Amino acid sequence: MRRIESGKVLSNHKLAKGMYRMDISLPDISSEVQGPGQFISLTVGEGWQMPLRRPMSIASVENESISIIYKIFGEGTVWLKDRSSGEVIEAIGPLGNKFSLDKINGKEIILVGGGVGVAPILYLHDQLSEDNRDHLLIVGSVTAAEQFLEHSPKAGIHLTTDDGSVGEKGTVMTMLEILADKVENPYIIACGPKPMLAAIYKFTTEKGLEGQFAVESYMACGTGLCQGCVIETTKNFNKEHSYHQKYSLVCSDGPVYDINAIRI
Amino acid sequence: MNTTIGSIELKNPILVASGTFGYGEKSDEFSDVNQLGGIITKSITLHPREGNPPPRIVETASGMLNSIGLANIGVDRYISDMLPKYDDLNTSVIMNIAGSSLTEYINVLEAVEAVPNSLAGYEINISCPNVGEGGMEFGVDCDLTSQLTSELRQRTDKLLVIKLSPNVTNIAAIAQSAEGAGADAVSAINTVVGMSINPATRKSNVYTKLCGLSGPAVKPVGVAAVYKISQSVSIPVIGIGGITKGVDVVEYLLAGASAVQVGTANFRDPAAGLKILTEFHDFCDKNNISDLTELIGGLRDDT
């Protein structure tokens, strides 16, 4: 059940260059969260200067609070950065679907996160670790300043930077190609900027690999009303909330899709 | 706080605008739609429409641009899947119809008229700016508005509302044409044509380039349109554009509206309509207003 809830900011701090993490106390919404991939949508600013909510992927759920990881992108995220502990933020959620892990038994999961796309990937990484499920994690950025995890190949955590300032030099693709070749039966789960997803899409298609993407989209409502957040599909998402054949609503059908169900 | 639009008595003057509340069948998890004055359902065309390619929306200062492109399920599925759901609602449901030709509007309305239903009436979208053939040619032309209204009037006894575009030289003249051809009411405004460009990429932020502006940014445009129309016609005017607060409703009523529609605010808060209704009632209580006629057209001429 989706809820509207006002919650106190518990903490709000810088993780890396341009990237922040905010913990918000949201008992009602957090009790409804089904898993990684789902998101909440926050009001930003005072009054109606910025009328649209900002969809934010859930990075973790703990003790009735929800964490988000956001990148400074425009006025809305600058406003979020300036919130102090104790201030109240309004959220709607949980929205969207979660990564589906049932159908990937017997495969080796490779998680790939880029930019703020790390939020749902880290949530999934935590969940898989709790379940003692083996997996690999690749997090890519342009430079070391944008990374906040430790490069730890032994623990299955591989950072990549375009300039080689931390981890492996190159994009996530360099690392993904190596790891996908090493493991027996790779299954790719990724979230990040469109060019990254497009590169992974090309790779998995060529290699005949399966996987899931959590996609980002501009949204007005996040609840299926506005029909604004469409993505082109290869499958027919002819459901009650989304009757489209060519397009699917990211907020309601997604944000998680099988890689072969969408066109990037 | 009843208000009368044609033959329909609305329990209060606050409705939710077409395209901002889906088909009116699912927002009840956030609010009780039965408390609203009415629901205008998303534009329906004769055949299902996929809508425009993404990106379809972008935020602008105190507003948003959209170019959804009339994505909808088509009249057949509206009749089979949606109409039965309205039987259980205790509020007025008004169906919004869009078309690209006179025949299309007529066919949609006739298809719905042919089945028993609990609709209160129809709102005719002659003003969608976002599709090549969105009825816009009707919305900018007095004779075509008159012809369309007249053809539809002959085919229904239900409430017939014509939704007007602000993207015209003289909105009052179009309203007079609708009135003359038998419309029960007019609603205004549909979105204002707008555009947004990313300076870094030099690309349009919305696929179709030209799109429709809504939200608080357009409220003064809506209030002025309602004022101009209400000075020129005697049928009720339903005010639309940028309503987010109870006092916005008061403003529209003073300009001459008999009811209003809440649109973009629903995207931020699916319970916006009911919150605005509560604020509106509070305003009326504080100002000892017991009847909406005390507000409708109550703009004072002294400054």
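**View 1. The contact between chain A and chain B.** In this predicted model, 26 residues of chain A and 32 residues of chain B take part in the contact. On the side of chain B that touches chain A, two or more residues come from each of strand E5 (57-60), strand E6 (63-66) and helix H8 (265-268) of chain B. That side of chain B comprises 16 nonpolar, 10 polar and 6 charged residues.

**View 2. The packing of helices H5 and H6 in chain B.** Helix H5 (residues 171-180) of chain B packs on helix H6 (residues 219-230) of chain B with the axes 8 Å apart and at an angle of about 50°, which makes H5(B) oblique to H6(B). The crossing of H5(B) past H6(B) is right-handed. From H5(B), the residues B:Ile171, B:Ala172 and B:Ala175 meet B:Ala225, B:Lys228 and B:Ile229 of H6(B), and the residues of this contact divide into 5 nonpolar and 1 charged, with no polar residue.

**View 3. The buried face of helix H4 in chain A.** In helix H4 (residues 172-182) of chain A, the buried residues are A:Val172, A:Met175, A:Leu176, A:Leu179 and A:Ala180. Viewed down the axis of H4(A), these buried residues fall within an arc of 125°, and they therefore line one face of the helix. Their packing partners in chain A are strand E7 (108-114), strand E8 (135-141), strand E9 (157-161), strand E10 (168-169), strand E11 (186-191) and helix H5 (194-207). On the other side of H4(A), by contrast, A:Asp181 and A:Lys182 are exposed.

Methods:
Residues are numbered from 1 along each chain as its sequence is written. Chains are lettered from A and ligands numbered from 1 in the order in which they are written. This is a predicted model: local features need pLDDT of at least 70, side-chain atom pairs count only at pLDDT 80 or more; totals for chains, interfaces and linings use all residues. Two residues are in contact if their C-beta atoms, placed from the backbone, lie within 7 Å. Helices (H or I, at least four residues) and strands (E, at least two) are DSSP runs, numbered from the N terminus. Ala, Val, Leu, Ile, Met, Phe, Trp, Tyr, Cys and Pro count as nonpolar, Asp, Glu, Lys and Arg as charged, and the others, Gly among them, as polar. Axes are lines fitted to C-alpha atoms, for helices over the stretch in contact, and angles run from 0 to 180 degrees between N-to-C directions. Angles under 35 degrees count as roughly parallel, over 145 as roughly antiparallel, 65 to 115 as roughly perpendicular and the rest as oblique. A crossing is left-handed if the near helix is turned anticlockwise from the far one by less than a right angle, and right-handed if clockwise. A residue is buried if 20 or more other C-beta atoms lie within 10 Å of its own, exposed if 12 or fewer, and partly exposed in between; C-beta atoms are placed from the backbone. The arc is that of the directions from the helix axis to the C-beta atoms.
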